[in-house]
Protein chains: 2
Amino acid sequence: MQFELTREYIDDLKLIIEEQNEAEAIALMDELHPADIAEIYDELGIEEAKFLYLLLDGDIAADVLAELEDDDRDRFLKALPVEVIAKKFIDHMDSDDAADLIGGLSDDKQEEILSQIEDVETAGDIVDLLHYDEDTAGGLMGKELVIVNENWTVLTCLRELSRQAEDIDEIYYVYVVDDDNKLIGTLSLKKMILSPTSAKIINIFEPDAMSVHTDEPAEEVSLIMEKYDLVALPVVDSIGRLMGRITIDDVVDVIRDEAEKDYQMASGISEDIEANDSIWLQTRARLPWLLIGLAGGILAAMVISIHENGLADNAKLAFFIPLITAMAGNVGVQSSAIIVQGIASNSLGIESTFSRLMRELGGAIINGLTCSSLLFLCNYFFYADSFALTISVSVALFAVIIFAAIAGTLIPLMLNRMKIDPALATGPFITTLNDIVGLLIYLAIGVYFYSAF
Amino acid sequence: MQFELTREYIDDLKLIIEEQNEAEAIALMDELHPADIAEIYDELGIEEAKFLYLLLDGDIAADVLAELEDDDRDRFLKALPVEVIAKKFIDHMDSDDAADLIGGLSDDKQEEILSQIEDVETAGDIVDLLHYDEDTAGGLMGKELVIVNENWTVLTCLRELSRQAEDIDEIYYVYVVDDDNKLIGTLSLKKMILSPTSAKIINIFEPDAMSVHTDEPAEEVSLIMEKYDLVALPVVDSIGRLMGRITIDDVVDVIRDEAEKDYQMASGISEDIEANDSIWLQTRARLPWLLIGLAGGILAAMVISIHENGLADNAKLAFFIPLITAMAGNVGVQSSAIIVQGIASNSLGIESTFSRLMRELGGAIINGLTCSSLLFLCNYFFYADSFALTISVSVALFAVIIFAAIAGTLIPLMLNRMKIDPALATGPFITTLNDIVGLLIYLAIGVYFYSAF
């Protein structure tokens, strides 16, 4: 049932486009879902995409545009005349998708497009939506909703539904407002169908609808919809008037983006990049973190250089430098990942920082003792001639694991309290810090034991 | 509008429970959403939770149970008598939640509970669902759906709806089947409401409903629902008969879990653990990866020991060991994260491995040249007396960055082709490999240049 994109399919399609074979191209597109067509667009040149695009029917064309990756879409919109954008797409799109789309264009182009939209109400909705920051509930919401007054009967509602629902793909809930347009509850379609037509809405609706303010951050919205298993969430202004609704499909993207962002940050990638992005985009996202790592490495070299004489006398000390830095990094990344994910999914609960730290410390002691003892046994036989080395490495490893666990737990918690994204603390940053502190601990201990034994 | 859990709230509640003040406890619970009550349960002792739980009304109690974390739920179910589980919860739950719940219990307890369920149809649905692997479409689906025959009229449908919909919280679609119960399409409630009651379903339904087989992996299901913005997805058996439906709220959890899992794997955490899990659980998930890192460190020590004499003569070579291993790790983690995320979100497209590798190589050359040149400049002044060191470190850094980028790209792609989870390649595993190869390259180059200059 699902469409699978292959090299052959694209090659065939490119041939059809080259021959300007409109009939065949339309037949091919007809079989596909807009999301599949959007996937195909990623693989085409801009002129090829344009040819196909202009053959699509308005509704489909609008859906395809909404499904495109942001950068593909912007590139594509630049290639299309303003009238086509306004007439062919905006008129067929949900207001939130249209606002997203127009929001990415220059102010001049925005105005030009808005002036070409025939339906004044739609244009007004889009202008309203453009005011909101895209990372807030206002930026996520659409204006497509069915609103009924508490004083109506089911029959009036059904009539209004036919009128209002014309432009709306799916209806999950009908929102109930009072005479001031303030949201007072919801009514499910099921309830409406199953109630007598003479019933008054006020007697059958569900009061206490969950809602969010227009300025609620997108991340919060996604946590609320996820926690309460909501398919749609109404958005209200500061005095409770119904402004729009957010649907779960928009929020699914936020959830994936947030989870991916934390992983990317932890991997030292500072912008949201895709595997298919250009070398330049990827370098811009990756090089800064590598430079942090480089600076850390230079600092680490300085730390070691303090002990140059000790190292020259006991070259074996250098053997375990990678082990110490790698373990410091691994433990720090583990600890910080647990905290960052807990913060992201809002599952930290009400446990105090102190008791969290104590538990982390408990785990670190178990892990540290296990690793240090194993290493001790191993070195005791391998480096039988150098007990100073054996004891230094194990003691240092234990100390380093404890430090890395504490730093990995505390730093993201502190950043979060300071309203800084805790994911910043993961990845190259925490690894570098742990490397340097780990080396300081190791070499100090090593030089001490070498002189002691 | 949203509930915020605080230390004070829990303390007050614990007091109320201690006093066995049922009236006050019921009043408090009445204000809360089941998801909030579930959150509170995480903070209570088992006896406290039980006291509260038995006060809840059946529907709410069932919803709370469905919202609990898996381990809390299992612990809790053990504390409750079988009759209570069957009568109070299962009867009020959706079949998919009930199957999830029972699936976690021992076979004996499963049978005992099933035999106590009054409604034979419900018990049958649950038994059916227990057959499916929980990570497949069959394991995700519920049996609550509204099914209509293609030959019915809208009026018959509306009547059937009232009958079938009784146990169903929300209806998003009505599924249309033929006489063999094979899925042939969907009908939106909106369409049903807006059509004349005498209309035949066959004339107004949407054919070609997207569906999945019962054995489709959960991850695939989530990608399909995400890509096509679906709120519900019907599940069919191998001959196309309608077996159940998956709703988006179940899939949202899969999406978050998958994204979190990849991040956890990359951070060296092998089980799905939460920040609040016990020391023991956390250690079990973390220690194995640390042991891999430990083994890698011991191997690295052996690699360095090959060059013990070179190091004793030129102790400065040791200074840059952390820089080389850290950079190898950073680049490898970046490259693999991009591939792993691309695979997880199914956004790799049709680009060939070769062209992907070429692009990665291009980026690695830019990053490598930048980092190596900067390091060269820096060392040229800092270590003016040792040109051999300056040139070795920079040349080695460049080589190491190139290697790490290639390994980080190829290994997850290869694992994926071999049907092994590519996320395995990220984290401690790839870091360790890159450390060792990086050291081999660095020390070989270093010793060569020291003898050359």
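Which residues of chain A does the UniProt annotation "domain: CBS" cover? According to that unreviewed entry, they are residues 141-202 and 205-261. Before you click on anything, keep in mind that this is a predicted model.

Stop 1: Select residues 205-261 of chain A. This span is 42% helix and 26% strand, and its end C-alpha atoms sit 40 Å apart.

Stop 2: Pick out 287-307 in chain A and you'll find 95% helix and 0% strand, with 31 Å between the end C-alpha atoms. Then jump to 361-383 of chain A, which is 96% helix and 0% strand; here the end C-alpha atoms are 30 Å apart.

**Stop 3: where the chains meet.** Now show both chains. On the chain B side, 126 residues are in contact with 127 residues of chain A. How much area do chain B and chain A bury between them? It's about 11000 Å², and 64% of that is on carbon and sulfur atoms. Highlight B:Arg256, B:Tyr263 and B:Ile350: these are the chain B residues that lose the most area to chain A, together 8% of what that side buries.

**Stop 4: links across the interface.** There are ten salt bridges between chain B and chain A. To see one of them, select B:Asp36 and A:Lys227, whose closest N and O atoms are 2.6 Å apart.

Stop 5: Zoom in on B:Thr136, in the loop between α10 (120-130) and α11 (137-140) of chain B. Is B:Thr136 buried or exposed? B:Thr136 counts as buried because its relative accessible area is 12%, and the cut-off for buried is under 20%. Its side chain reaches the backbone oxygen of B:Asp133 at 2.8 Å. Leaving aside neighbours within four places in sequence, B:Thr136 is in contact with B:Thr214, B:Asp215, B:Glu216, B:Pro217 and B:Ala218.

Key: Residues are numbered from 1 along each chain as its sequence is written. Chains are lettered from A and ligands numbered from 1 in the order in which they are written. This is a predicted model: local features need pLDDT of at least 70, side-chain atom pairs count only at pLDDT 80 or more; totals for chains, interfaces and linings use all residues. Side-chain values use heavy atoms; hydrogens and water are left out. Contact means heavy atoms within 4.5 Å. Buried area is the accessible area (1.4 Å probe) that two parts lose on being put together, summed over both. A salt bridge is a side-chain nitrogen of Lys or Arg within 4 Å of a carboxyl oxygen of Asp or Glu. Helices (H or I, at least four residues) and strands (E, at least two) are DSSP runs, numbered from the N terminus. Buried means under 20% relative accessible area, exposed over 50%, partly exposed in between (1.4 Å probe, protein chains only). A polar contact is a pair of N or O atoms within 3.5 Å; within protein, one must be able to donate a hydrogen and the other to accept it, and residues adjacent in sequence count only if both atoms are side-chain atoms. UniProt positions are given in the numbering used here, feature names are shortened, and annotations may be inferred rather than shown by experiment.
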